Amino acid sequence: MNKPLFIIFYFLLSLPLYSQAKLDTLLPVRGFCIGAPQPKDVDRFIKFINEELAPRKVNTLILRVDFNYQYESHPELRDSIALSKKEVKKMVAACRKNNITIIPQINLLGHQSWANTTHNLLKKYPEFDETPHVQMPAKYQWPNPDGLYCKSYCPLHPTVHTIVFDIVDEMCDVFGSNAFHAGMDEVFYLGDDKCPRCAGRDKAELFAGEVRTIRDHLAQKNRKLWIWGDRLLDGKTTGLGMWEASYNNTYKAIDLIPKDVMICDWHYERPDQTPVLFAMKGLQVITCPWRMPKFAVLQTQDMVRFRASSTPEMKDRYQGMMQTVWSSAGQFLDEYYGQATNSNVSGNTASNCFRTMYNEITQLGK
Ligand SMILES: [Zn+2]
């Protein structure tokens, strides 16, 4: 091949690598977070990984597994229908083929119940319940006199971590993951006045202590802890409210938790610029939208701008963007592929938000 032709040929070959490198510089983490599929939906979810996540250069997939796995260490914690090891391995292989890091999630501390259903940990080990005096209602409604949103486990119960870390380790092993997402969002029950271990303790210290316990456990096997960021934000001073931020004084934990915890900073109603706070505190942060496409675009532009305009010390703390989906994987796939119409006529849906945000990321990466 003559020299000019060779140069053109080489240039064309290197284009995809160049755009990949540019994207990695722009937004190191390009994520997608969803509930792990039911066994019957695994194959079409793999199709979604291959045909939708991979071409958009998504490089991080968080699967919220919880009890949707046939745990061998604690079979009593399995859901009645749960993923087998073989099904997990199929998803892991699909991600590996597409250079996607897969990170499993089990909700720790909070979210141990939903509406009037107690989840498996507290069902099988009711002694871990932070608020055993709060009865689960026959019919759940919010608000309610108990302030019951979700149950929590008691972080100071002497044996809770023995059980919980068994399934965390098993989950990380089967996913072959070097990171684990512990949830830890929307923890309303913490340091309850009636808990014999926690009563009277500082809630920020309790929250930070639990983050550190989980982080230190994972660090023994060089695994990194990811959590949601809402408990580390001051809901009253910022006006962010009690869901996206904390009303129960856990926010002071932002100064107490280890600096190598990855913060997934979710804001669904406005493009709040809270990543700056996390970065200035020394924490790595990822912005997470849900179903408002126009805010996801602004949040993506903000994230890119934060990286471009900050000090070298802070730049790499702005890690990227992650689309979050809160319907089940099956429901999401139905909506995504037009097999079910979403009643939300405004277009503010998770699938639209995902498409719009990744269009924006692709444009910025060009
Ligand atoms: Zn307690």
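How much space lies in the second largest cavity? About 30 Å³ of space lies there. The model on display is predicted, so local features need pLDDT of at least 70 and side-chain atom pairs count only at pLDDT 80 or more, while totals for chains, interfaces and linings use all residues. Residues are numbered from 1 along each chain as its sequence is written, and side-chain values use heavy atoms, with hydrogens and water left out.

**First stop: the second largest cavity**

A cavity is a set of points, on a 1 Å grid over the protein atoms alone, where a 1.4 Å probe fits but cannot get out; its lining residues have an atom within 4 Å of a point. A volume is the space filled by probe spheres set on the points, which are joined across faces, edges and corners. Please select Pro271, Asp272, Gln273, Pro275, Thr287, Gln299, Asp302 and Phe306, which line the second largest cavity. Helix H9 (residues 293-309) supplies the largest share of this lining, 3 residues. Helices (H or I, at least four residues) and strands (E, at least two) are DSSP runs, numbered from the N terminus. By class, this lining divides into 3 nonpolar, 3 polar and 2 charged residues. Here Ala, Val, Leu, Ile, Met, Phe, Trp, Tyr, Cys and Pro count as nonpolar, Asp, Glu, Lys and Arg as charged, and the others, Gly among them, as polar.

**Second stop: the largest cavity**

Next, select Phe67, Ile106, Asn107, Leu108, Gln112, Leu121, Val164 and Ile167, the lining of the largest cavity. Two or more of these residues come from each of strand S3 (101-108) and helix H5 (160-175). S3 gives the most, with 3 residues. The space inside is about 40 Å³, and the lining has 6 nonpolar, 2 polar and no charged residues.

Now display H5. Of the 16 residues, 13 are buried, meaning under 20% relative accessible area with a 1.4 Å probe and protein chains only. Just after H5, Gly176 takes a positive phi of about 55°.

**Last stop: Lys151**

Finally, select Lys151, in the loop between helix H4 (120-124) and H5. Is Lys151 buried or exposed? Lys151 is buried, because its relative accessible area is 3%. Not counting residues up to four places away in sequence, Lys151 is in contact (heavy atoms within 4.5 Å) with residues including Gln112, Asp129 and Tyr189.

Methods. 1 Å grid on protein atoms, 1.4 Å probe; cavity = no way out; pocket = protein on both sides within 12 Å on 5 of 7 lines; lining within 4 Å. Buried < 20%, exposed > 50% of the residue type's maximum accessible area, 1.4 Å probe, protein only.
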